[in-house]
Structure formats: C-alpha cells, structure tokens
Amino acid sequence: MREVRVERLGLRGDGLAADGLRVPLALPGEVVRGPVADGVLAPVEILEAAPELVEPPCPHFGTCGGCALQHASDGFLAAWKREAVARALAAQGLAAEVGPVRVSPPRSRRRAVFAARRTRKGAAVGFHGRRSAEIVDVPGCLLVRPELIAARPALAEVARVGASRSGALRCTVTLSEGGLDVEVAGGKPLDAGLRRELVGVAGAAGFARLAWEGEPVATLRPPAQRIGRARVTPPPGAFLQATAEGEAALVAAVREGVGGARRVADLFAGCGAFALPLAEAAEVHAVEGDAAMLAALDAGWRGAEGLRRVTTEARDLFRRPLLPGELARFEAAALDPPRAGAEAQARALAASKVGVAAAVSCNPASFARDAAILVAAGFRLGAVEVIDQFRWSGHVELAARLAR
Ligand SMILES: C[S@@+](CC[C@H](N)C(=O)[O-])C[C@H]1O[C@@H](n2cnc3c(N)ncnc32)[C@H](O)[C@@H]1O
C-alpha cells in the first residue's frame, strides 16, 4: 500500500503523482491510498478529495473503458482542456487567446466501435473494459447516440454467425440517414455461406449497410450523411467528425476562417465535411489521401444543387504536399490533418502566397508545431477555439485562423 498526492492529469486522463506513478480515476490535489503494481496505484481509499470530484453519471464508469474522466466536473475538464491547448502553444513560443470550450452534449457521438465475441451462451457485445480485453455491456451508455446502443442485439447476431471461436469482432457502427452503417473487422473469412447469413442478419436488423473487412455485403438503403447541401455516402469505416454538434462548430470556424476567399484548397478533406459547405460560396479543391473518400465527396457534390465547383485530388500530403506553385491559385486553405499534423504542408504553405489558413486539429502539440512554422513566415495566429467532441475523454480538438 502506498499513499500519494496526485499532482496532475496525464494525456489519457489518469492522475499522475510527482514521481510519475499513475493513479487512474484520481484528480489533481487528491491524496489516495492503494496497492501499486507495474507503476500503477489502484486507489482503494480517497484520503483527501479534490473539490472537482463528482459522482460519475454513468453506471458503467470505472469498468467500461469508453470514458476516462467522468469523475471530474465539467468545469474542471473544460479548464484542463484549455490549459492543454495553452501549454502546447506556449511550448512553441506562440501567444494566442484560447476561447471557452464547446463540449458536445451527452449521447451525441454518432459513431461507436463495439467489441463483439461469441460466447458459450451466445455472444457478448459492448466496449472493452478499462485496460482489459473483457467486454462490458453498456445498456445505459451516456456517450453515444441511443440508436447505436440499440444495435447491441443485432451485433450479437453478427458475432454469432461471423466471429471466430477466439477473437473479438471490431464493429464500427455509424448513424446515417438510412439507418445504421456497420463495418466489421476481425471475423471469419467471407465465404458464400457467411455472406448469405450476414445478408439475413442485416435485413432482420434493418441495417442501412453491413460491410465485412471493408467490403459491403448488404446495402439496404444508402448510408448517407448530410453534409451542407450534399448527401454523401462514405465508404465503410471512413473518417467522420464524431458528433453533428462538433462538426457544425468546426464548419462554422472554418467558414469564418476562410472568410470571403473565392478559391479554397481543402487539405486532408476526407469526405468533404468542410469542402462541401465551403462550396456554397467558393470554388474548392479537395485533397485527401484516400481515393474512396474523395469519390464519395465527388458523387455528393454532383448530386447537390447550388454549389460552386469542387475538384478532388488523391494525394499523400505528408510525402507530396501541395507546393507553393500549386497553391498560387488559392486565396485560402482549410487544413485538418490526422494526429501527426501537417508539417510538410505547413512548410509549403509558409513558402506560398496563400494569405489565410483555417486550421482544425485533434492534437494541440502537432498543431502548435505547424502553426509556429506559419507564424515564422509572417502569419498571425488568431483566437483558438476548443471544440470538444470527446466528452469525458482526454482528447482535445481545436480550430484557429492564421492570416498574413
Ligand atoms: C482528421 S481527418 C479530417 C477529414 C475531414 N476534413 C473531415 O472533417 O471529415 C484527416 C484526414 O486526413 C486523411 N489523411 C491521413 N493521412 C494523410 C496523408 N498522408 N495525406 C493525405 N490525407 C491524409 C485521412 O484519410 C482523413 O480523411
């Protein structure tokens, strides 16, 4: 047994003592006691509680691995996420106002990844436990849209017919206009018999689409997403912003960021979450590494009315960023890279004549690194908005405008 004071939170939301000892489910300022194994103290007693400690609202918190921080007040979490952004900026010598945090409401995540396994009695469906392979059923989940939670019995059927004896399926379930869009990985090889059974399960469950290892096996209705004036049918498992509320806030920030620009490059465009709304006022060139996502974006644009021209280009922007000469025709760029950031693209933007970058990021550290490249080239970093689509987690997302 050891007794420690928790000094701060680590990136995954665990408490950390001064010597780096991890204390899950504890908050800064708390003094806790518990046994230590493998550098982790499991608190059995709170000797001094932090004022921000609250009763976790979800009955599954603590066993379910889906949420890391339900034991902290909303106010504490917002301040912690703002500080994480401010610290990342300061580490790169950047000064910018960090705005209030806009958190998506409970039960708003429109995509969830469920684990599903065959068991002797049938199947187990849920989220992985905290740092364990155990599957925790989550009937009262407060994080995701209720339509996703309601899919658990149908996912159990999928596991019953398609899971191998040992492994768990990874079922990515997305709410679409047509109903649930389900993508399954880690199951048995797809043969004619399994395909037939899966078609039956998808039909009985009323899924919009069921895909196996990326291959659609049943499409009953188009699993479309409304993006601005367009309807886009993403390829199975494609990236989507986590909540409709978060996406709307990011789109508003990007719209405001590019301002009145008439020609915009949307870099790391995905299925067009920014490109299609921006096309209401500007010509957009959407660049993205995944050709299937761009095909979906393009089809959505072709089917929509009242949009300006949108062109697409499949390209690896880490290895082959859009170069200053190619950027010359754009007045503004939207930039929304994966966690690694967009260092090569930021360098090319810095050397270009593009006047404005509307940046979105899910990683304050890589954002700050890339923003510093632009600031060194004469851009000014405006106020940073913190848009939190990942309630009760350690994730932080932000949007900011950089202009010369
Ligand atoms: C954070 S997502 C943003 C997508 C889109 N802007 C949205 O809001 O839905 C990042 C996107 O970058 C793409 N991507 C990842 N690595 C890439 C690379 N090296 N080159 C181009 N695109 C890449 C991913 O496929 C993904 O669509």
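A pocket, on a 1 Å grid over the protein atoms alone, is an open set of points where a 1.4 Å probe fits, with protein on both sides within 12 Å along at least five of seven lines; its lining residues have an atom within 4 Å of a point. The model is predicted, so that local features need pLDDT of at least 70 and side-chain atom pairs count only at pLDDT 80 or more, whereas totals for chains, interfaces and linings use all residues. Residues are numbered from 1 along each chain as its sequence is written, and side-chain values use heavy atoms, without hydrogens and water.

**View 1. Lining of the second largest pocket.** Of the 14 lining residues, Ala253, Glu256, Ala383, Glu385 and Arg401 lie nearest the centre. Helix H5 (244-258) gives the largest share, 6 residues. At least two residues each come from strands E22 (356-361), E23 (380-388) and E24 (398-403). The lining comprises 9 nonpolar, 1 polar and 4 charged residues (Ala, Val, Leu, Ile, Met, Phe, Trp, Tyr, Cys and Pro count as nonpolar; Asp, Glu, Lys and Arg as charged; the others, Gly among them, as polar).

View 2. Helices (H or I, at least four residues) and strands (E, at least two) are DSSP runs, numbered from the N terminus. Leu194, Leu198, Val201 and Ala202 are the buried residues of H4 (under 20% relative accessible area; exposed, over 50%; 1.4 Å probe, protein chains only). They lie on the same side of H4 because their arc around the axis, taken from the directions to the C-beta atoms, is only 100°.
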